[in-house]
Amino acid sequence: MSLDAIKRPPNVQIGSNTVITGDHAFRRFRSRVDPALTIGADCTMDGVHFAIEGNGRVTIGDFCYFTNAVLLCELELQIGNYVVIGWNATIADSDFHPLAPAERIIDAIACSPLASGRARPPIASKPVIIEDDVWIGPNATILKGVRIGSGAFIEAGALVTRNVPAGARVFGNPAQISDAAGPR
Amino acid sequence: MTPDRKLPWDWYPGTIPENVSIDETAWVETSFSFLFYRSLAATGVRVGRGSSTYIGTMFDVGREGKVTVGDYTLVNGARIICDAEIEIGDYGLISWNVVLMDSYRLSSDAATRRRELEAVARRSPRILEGDSSPRPIHIGRNVWIGFDSCVLPGVTIGEGSIIGARSVVFEDVPPFTVVAGNPARVIKKLDPEVIKDDRP
């Protein structure tokens with residue numbers, strides 16, 4: 001946090017009193033959309049990785065506090081107001097590679113330094129939506145297409161593959177809703 | 001440590017805070033581990049004889065937090081989030097990307113949390129502090145915690161136990177027990193063999 005604020009790409013818009021720290025924030029920022037990243041006012045983005053691919057778009061509301069979160073975006077991440085994301089949590093809106101084995105061979109070749117511009121096959125991506133007042137714990141993972149309802153509490157280390165209703169508390173891998181049988 | 005509390009081998013231009021006690025035989029790789037340290041306790045962090053803390057370790061210790069690392073304990077890279085007390089016993093092995101947290105740092109009530117986040121945004125630096133109701137973590141001697149694991153507020157881990165990689169520990173772990181998974185569950189018991197305490 002005592003590290004100096006870093007330079008940001010031109011297609012990033014941030015609101016007043018928002019602070020971005022850490023020298024790797026935009027190391028994997030490749031989006032050509034404008035704006036690709038919109039952050040509201042009064043946010044603290046400490047050591048966050050904004051790994052936003054060519055067509056990716058990320059919007060973040062006001063009064064959010066992220067610590068070393070990893071945001072991996074091919075398509076869209078929508079994050080509301082007063083969202084807290086703990087250390088080393090990952091949010092991804094894509095599988096990043098095809099599921100079918102034959103398609104994956106094509107993709108592996110396209111990703112190789114020998115590909116010379118060969119196109120990659122289509123890859124499944126689906127926006128992730130995180131509503132207001134959500135708390136996401138350290139080491140948690142949120143995967144593609146998930147919507148987390150307002151005020152939900154994602155326990156440390158949880159791996160979330162399905163939608164979480166507003167106000168729910170989830171934990172575990174795969175994440176399950178906490179009830180009398182669950183921890184606490 | 002030099003008289004002005006620098007580490008001669010350090011790559012980071014920081015110092016070891018005054019209320020941190022590091023045994024002269026212990027090895028702390030970098031003062032960067034104290035970037036988020038703000039404890040006002042008489043001794044906010046104590047590192048015991050022959051112990052070592054490596055580069056990924058962060059003592060994210062709040063104003064009233066106290067962290068104790070016992071003797072001959074290896075902390076490879078833990079995020080230690082402490083607002084009350086975290087105690088790691090002797091002969092501990094703590095792997096990389098481990099989270100030990102005795103506090104959620106903010107209220108569990110959304111309306112209260114909004115006010116807390118508004119207060120954080122007015123602070124410089126942006127320290128995360130609120131109504132956290134911390135609950136101490138006690139890790140007994142000879143405990144091994146595998147990489148990427150999380151130990152949550154209020155947990156006690158008994159002597160000699162093993163926490164498998166990527167576990168999330170919600171409940172107390174009895175002595176000489178292997179747990180793994182998320183949430184962590186008991187896998188098996190270990191032989192509570194007593195060895196001679198043959199310390200250098």
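This is a predicted model: local features need pLDDT of at least 70, side-chain atom pairs count only at pLDDT 80 or more; totals for chains, interfaces and linings use all residues.
Two strands are taken to pair if DSSP finds at least two bridges between them, and on this basis strand 9 of chain B is joined to strand 11 (residues 144-145) of chain B by 2 bridges, the two running parallel.

An antiparallel arrangement is found for strand 16 (residues 177-180) and strand 17 (residues 185-189) of chain B, which pair over 4 bridges, with B:V186 of strand 17 as the bridge partner of B:V179. These two strands form a hairpin with 4 residues between the strands, in which B:G181 adopts a positive phi near 105°.

For chain A, the secondary structure amounts to 1 helix and 19 strands. The radius of gyration of chain A is 17 Å, close to the 16 Å given by the globule rule for 184 residues, so chain A is as compact as a globular protein of that length. The C-alpha trace of chain A extends over about 55 × 40 × 25 Å along its principal axes, and buried residues account for 47% of the 184 residues in the chain. Of the contacts in chain A with a separation of 6 or more, 28% are between residues 24 or more positions apart.

Chain A has an open sheet of 5 strands in the order 5-8-11-14-17, with parallel pairing. Strand 5 (49-52) and strand 17 (159-160) of chain A are the edge strands of this sheet, each pairing on one side only. The parallel pairing of strand 8 (residues 70-73) with strand 11 (residues 90-92) of chain A comprises 3 bridges, and A:V70 stands opposite A:T90 of strand 11.

In the contact between the chains, 26 residues of chain B meet 24 residues of chain A. On the side of chain B that touches chain A, strand 9 (93-101) and helix 1 (110-121) of chain B each supply at least two residues, and helix 1 of chain B gives the most, with 7 residues. By class, this side of chain B consists of 16 nonpolar, 3 polar and 7 charged residues.

Helix 1 of chain B is made up of 12 residues and reaches 16 Å from its first C-alpha to its last, close to the 16 Å expected at 1.5 Å a residue. Its buried residues are B:R113, B:E116, B:L117, B:V120 and B:A121; because they cover an arc of only 140° around the axis, they lie on the same side of helix 1 of chain B. The face of helix 1 of chain B turned away from this buried side carries the exposed residues B:A111 and B:A119. On the partner chain, the elements against which the buried residues of helix 1 of chain B pack are strand 4 (44-46) and strand 7 (65-67) of chain A.

Strand 4 of chain A includes A:M45, which is buried because 26 other C-beta atoms lie within 10 Å, the threshold for burial being 20 or more. When residues up to four places away in sequence are not counted, A:M45 touches A:V19, A:I20, A:I39 and A:F66. The C-alpha atoms of A:M45 and A:G80, which are 35 residues apart along the chain, are separated by 14 Å.

Terms used:
Residues are numbered from 1 along each chain as its sequence is written. Chains are lettered from A and ligands numbered from 1 in the order in which they are written. Two residues are in contact if their C-beta atoms, placed from the backbone, lie within 7 Å. Ala, Val, Leu, Ile, Met, Phe, Trp, Tyr, Cys and Pro count as nonpolar, Asp, Glu, Lys and Arg as charged, and the others, Gly among them, as polar. The expected span of a helix is 1.5 Å times one less than its number of residues. A residue is buried if 20 or more other C-beta atoms lie within 10 Å of its own, exposed if 12 or fewer, and partly exposed in between; C-beta atoms are placed from the backbone. The arc is that of the directions from the helix axis to the C-beta atoms. The radius of gyration is taken over C-alpha atoms; the globule rule is 2.2 Å times the number of residues to the power 0.38.
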